[in-house]
Amino acid sequence: MKKAITLITVFQLFFFCLLAQSPLPSVDKSPMDMSYYPDKYPVLKIQNKITEPLAGRIVYSRPQKAGRVIFGGLVKYGEVWRFGANEATEIEFYKNVHIGGKKLNKGRHTIYALVNENSWTIIINKETDTWGSFKYDSKKDVLRTTVPVQKMDTIVESLAMVFEKSTTGCNLIIAWDNVKVSVPFTF
Amino acid sequence: MRIFILLLLGSFFSFSCNQKKEKNNNSKSIVVNGDTILKIKPEKTINTYEPVDVSPMDMSYFPADYPKLKMDQPTMNPPIARVVYSRPHLQGRKIFHDVLKYGEPWRLGANESTELDFYRDVTIQNKKIKAGRYILYAIPEQDKWTIVLNSNIDSWGLHPDPSKDIARFIVSPTKISSSIEYFTMIFQQTTTGADLLIVWDNIEVKLPIVF
């Protein structure tokens, strides 16, 4: 009997260990990604091919269209959209920049969009390290700027964000479904 | 003996119940039980703006799930640490030596260098580490891993530059019984701070952070 009890204890300990093992995080359905300005800066850096200093970067998660109508459907017009998925989208500048004539200090910020059919209001907010836009607080806005919506002939399946060079700095291009938006930063 | 069998059955039942609960918790995601291969539909046309990475990026905070906690408690203290890394997956390979070789530096991820932010000063193996941003890489060996904190931030993971090393830490790898498909990093609370847990395939490594 003693032997049996010992066996049972060992057995239960074994199962307890299995259960107690903290679950490791699964892979996100909307994977995270990162874009820099200058574009591909990290690759250029290790290849010694940098021609202009690091200016900005965006860290965002990439939901998929998955057959849905995105703008005006999944993302309601007139509502603040989280501009990604999961953790709030983070935009970081390594120097002070201007957006829509307003100054934005260097550092980390969150970015959201108030989406309409023909224009988006881009919102830069100071509440970092947060989740989505569920507790978005306009009192913590740093600035807002409105940009026009461009309709595309092609469909972009996964939300994409990339910086491109402009004559006065860079544009953040946001593309998803059949919609494209360009947000100009000057520096 | 009868008691033994009953208890044995009891153990099995409690185990399977817990398993079910875990599955339900994860039901929002495609991934069941934490770690099967993700079924992201390949894009029909090439994403001309930015193709989706094969090894997706992810982010872990300490306290764990800080961004979600902050949603409910906007006034809570800043986080302690955050790691941003990309998650390669085994796809039938073994970590040693299909993917990694003993003694060769490894980027601890994929694509962009793995980034570790400390929001306050911390201590690792009696070395003071200032708040700020670092990159991480490792030199894995059979019985020890060297974890390196380096200052060459915003770089690509290949070819780490040892002249920019800030500190090196020797830690012991442990073998785990299961195989984890996707490379995983999380923080786990300890009595003196938190461990940065580094897990892939059947290997687990802990970097103890004191704060």
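Visitor: Hi! Which residue stands opposite B:Tyr61 in strand 2 of chain B?
Guide: That's B:Arg82. Bear in mind that this is a predicted model.

Visitor: And how do strand 1 and strand 2 of chain B pair, parallel or antiparallel?
Guide: They run antiparallel, with 6 bridges between strand 1 and strand 2, the latter covering residues 81–86.

Visitor: Is strand 1 of chain B mostly covered or mostly open?
Guide: Mostly covered: of the 6 residues in strand 1, which spans 57–62, 5 are buried.

Visitor: What about chain B as a whole, how much of that is buried?
Guide: Buried residues come to 30% of its 211 residues.

Visitor: How many helices and strands does chain B have?
Guide: There are 3 helices and 10 strands in chain B. Reading from the N terminus, the order is α-β-α-β-α-β-β-β-β-β-β-β-β.

Visitor: What share of the chain B contacts with a separation of 6 or more is between residues 24 or more positions apart?
Guide: Those account for 53%.

Visitor: Switching to chain A, where is A:Tyr60?
Guide: A:Tyr60 is part of strand 2 of chain A, residues 56–61.

Definitions and conventions
Residues numbered from 1 in each chain as written. Chains lettered and ligands numbered in written order. Predicted model: local features only at pLDDT ≥ 70, side-chain atom pairs only at ≥ 80, totals over all residues. Helix = DSSP H or I, 4+ residues; strand = E, 2+ residues; numbered from the N terminus. Buried ≥ 20, exposed ≤ 12 C-beta atoms within 10 Å, placed from the backbone. Contact = placed C-beta atoms within 7 Å. Pairing = 2+ DSSP bridges.
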